Amino acid sequence: MSKSTGLCEIGGLDTKRLHKITSEWIDETTSRTEWTLQIREIVASTSPDQTWAALSALAPHASLAAAGADWDSHLAGILTHFEDTARGPMRDRLAYAPAALDQLRVWDDAMDEASAWLMLREALRTVETLGLTAIVDALLRRETPQADVVGALRSAVLAGWVTAVERSDSRLRSTRIISRDELVGQFRELDRQTVEKAAARVLSAAVAKRPAIASSQTALINAEGGKKRRHIPVRDLIGRATDVIQALHPCFMMSPLAVSQYLPPDIEFDVVIFDEASQIPPGDAINCIYRAKAVIAAGDQRQLPPTSFFTTSQADDDEVDGEDDLASDYESLLDLMKSSGGFSSIPLRWHYRSRHEHLIAYSNNSFYEDGLITFPGALAETPDAGVKFFKVDGVYRRSQGQNNPIEANFVAQRIIHHLDHRPGLSIGVVAMSAAQRDAISDALTMLRVERPDLEPHFGEDRAGGIFVKSLEEVQGDERDVIVLSVGYGPDSTGTVYRNFGPINKKGGERRLNVAITRAKELTEVVSSMTAGDIGEVASAGGRHLRRYLDYAERGPIALEMELGSAGLGTDSPFEDSVISAIRSWGYDVQPQVGVSGFRIDIGVKHPNAPGVFMLGVECDGAMYHSSRTARDRDRLRHDILVGLGWKIHHIWGLDWYRHRTREEGRLRERLDETAAAAVVGRVVAPPPAAESIEVTFDNAAPIVLDRNARPSWMAEYVSARTTLAYHDWTDEYNAKYLVSFIEKVVEVESPVHLETVKRRLREHSDIGRVSKNATRTILAAIEMAKIRFDGAFLRTLSGNVTEPRHNGGSAPSLVDSRGLG
């Protein structure tokens, strides 16, 4: 019998007492055993009869009976310390003297382990109280090593807790078998339908407000519509028919100047919204504010302020009194509202114009304190996305035009290269000075002569056409690709002067911020100098220019001190487990992909293209739960990432815990499938096609809106088709040959906007664009024609259109340029 076996059968025995009793028993038993052995040696040489006769004649030793009684008494005491199931076997074992001696020796040697055994027995009683006996029995059957017992108990307890929570929390139960992916998919579809149907509800509410019965105001509007001349001024008409006009047209889109010109002073609006409020002087906004019950201003204080071209400086001694002049003390309406304390400020943090994170990373870090939430693109490195730097051996002509012809010619060549290789993307050019803008335009004109096949690209599309603008002109514009021409650089002697024009002026960094955030896909920075050529500069704009050139040349590593280390860790052990599985399959991963704001939990790199993240793995960890709403968490964030080219795979924590093998199989199948696909440029999911919207209202028939169908209350727009002989329309002398053409267009399309007349001229002639000289010819012809012209619209002398017309989307949309940025 081992020591541990003997020890296990004396649970609950007093250690000190047991030691005393055992020592006495050993001495007594040893003495008796030696006596017995001596007797056996004596009788071994005699016959059995003689031995039996001798033994029968022996008289018992006087102390033997007493010793036996003493042994029986101590044995009974020992047995009381054993459990009922162990008491009988232990009595039988101790009844045989040699076996009893061996057992007593085992107990004596194991005396030091008795305290540990007693502690174990106490722990087992606690385990039994907690209901964990079955777990301990299972560990004993498996002979679990001592070092693993605590961890195994913890895992078993936590597993039981998870099961209890699943059963008690209704949110984790489902009335039918449905996966988390399916549930989120249903939510996304319903949320999209909610947004789309909101437009139909708004339109339906507006239509419901149209006057149903005639009134004096409707009669006035109809009377004015039927007149051929002597119309009352628009301002008076709106003042006399305010209720009907606002019911028919509840939303007015006007510039502050147009508000004063066309609206009566007593008209009132529930809400007045200012877009690009950083460019509106407070004085220009007063006439709009006093007409509003509520005011909303949207703008960016870190972009261009209101233009000061027409303002004059006012000396301090011109002040009449000491009162504050709020209209002039604040640069813009946005500054005034933010500093007044009477308006709540709500930051708009999500940025999704830039389809590659590097396009906004510099501004986010340098101007917005990393407050913008940006979304990483699916391609880490590609020649057609992000920020690219082109060093040109140009010469800045400081005294001969203040431009850089070599750099301008390179920029023009980049435009031609873009049209040859990326014809489906729009492009614009931003120059840091007006002189460089003109030099680029001249160089581009020369190249266009050599490439007449590219002329169709040089139309006058305001939203997507090619433009060449300076810093002061570009706010509000955006294009897929922007070429940024610095222009400044070494002069003919190789000296780089630190005079960078408007960048050096106060607010120059705001101008730079506008220029570098106009692109959606790619910014090509063309410069004749590098950041190392600039040296130390005093102006904030100059320092930002130097830093941005360094960023364009070296990438985000130039912002490393501000952005922190690129080797970020995971947010949870859950992500560690997923990463471990992916790496075991031979794929390279990067946790926390992104420069700032929003980060993808795990980015898996393509095995054949290390610069491409072929799959983004989203775990429902810290980043997932940081979103406040289900729309942000389960639809908008997913849609933006997919739109940026990411392929996203979601892993839910409960699924990974419950069905680890199944989830690993799904993930590996997705990885293998994606790795086998070819990498073709920047894959972006197309936007969903426009569909008809059906909205059902209580007690009303369904309203079906087809965005492309002509409403029954609108007439079809008819475009003029006529003939026109060839003349040089840039020569104002030929205006007389254009008179009949304009009269024909007006006869068919009256009232027709001047821009539409220009379009008709392009359609009926071989000119690609209507230049300033051609516009002067058109205006001269309008003066000679028998029509009416109010500066914007051309009308016939005898007729007016009394009903709205539907052009099917072919006519130009005239929108104020402010608000496109």
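## Aromatic pairs

Tyr362 and Phe367 are both buried (buried means under 20% relative accessible area, exposed over 50%, and partly exposed in between, with a 1.4 Å probe and protein chains only). The model is predicted: local features need pLDDT of at least 70 and side-chain atom pairs count only at pLDDT 80 or more, whereas totals for chains, interfaces and linings use all residues. Residues are numbered from 1 along each chain as its sequence is written, and side-chain values use heavy atoms, with hydrogens and water left out.

The structure holds nine aromatic pairs. Rings of Phe, Tyr and Trp (its six-membered ring) pair if their centres lie within 6.5 Å; planes under 30 degrees apart count as stacked, over 60 as edge-to-face and the rest as tilted. The ring centres of Tyr362 and Phe367 are 6.2 Å apart and their planes stand at 75°, so this pair is edge-to-face. Ring pairs also join Tyr362 and Phe367 with Tyr548 and Tyr551 in a cluster.

For Phe574 and Trp656 the ring centres are 6.4 Å apart and the planes are at 50°, so the pair is tilted. Phe574 belongs to helix α25 (residues 573–584) and Trp656 to helix α28 (residues 653–658), so the pair ties together parts that are 82 residues apart in sequence. Helices (H or I, at least four residues) and strands (E, at least two) are DSSP runs, numbered from the N terminus. Both Phe574 and Trp656 are buried.

## Packing of α18 and α23

Helix α18 (residues 358–366) packs against helix α23 (residues 540–554) at an angle of about 145°, and their axes are 11 Å apart. Axes are lines fitted to C-alpha atoms, for helices over the stretch in contact, and angles run from 0 to 180 degrees between N-to-C directions.

On the α18 side, His358, Ala361, Tyr362, Asn365 and Ser366 meet His544, Arg547, Tyr548 and Tyr551 of α23, where contact means heavy atoms within 4.5 Å.

## Charges over rings

The charged end of Arg398 sits over the ring of Tyr497, 3.9 Å from its centre. A charge sits over a ring if NZ of Lys or CZ of Arg is within 6 Å of the ring centre and within 35 degrees of the ring normal. Arg448 lies over the face of Phe458, with 4.1 Å to the ring centre.

## Salt bridges

A salt bridge is a side-chain nitrogen of Lys or Arg within 4 Å of a carboxyl oxygen of Asp or Glu, and by this rule the count comes to 28. Arg192 bridges to Glu189, with the closest N and O atoms 4.0 Å apart. Arg192 and Glu189 are three residues apart in helix α10 (residues 180–208), a separation of about one helical turn. Arg192 is partly exposed at 28% relative accessible area, and Glu189 is partly exposed at 39%.

Arg660 and Glu664 meet in a salt bridge at 2.7 Å, N to O. They lie four residues apart in helix α29 (residues 660–676), about one turn of the helix. Glu763 forms a salt bridge with Arg721, the closest N and O atoms being 3.8 Å apart. This pair links distant parts of the chain, 42 residues apart: Glu763 is in helix α31 (residues 754–763) and Arg721 in the loop between β14 (715–716) and α30 (739–749). Glu763 is partly exposed at 43% relative accessible area, while Arg721 is exposed at 58%. A network of salt bridges links Asp181, Asp655, Arg662, Glu663 and Arg666.
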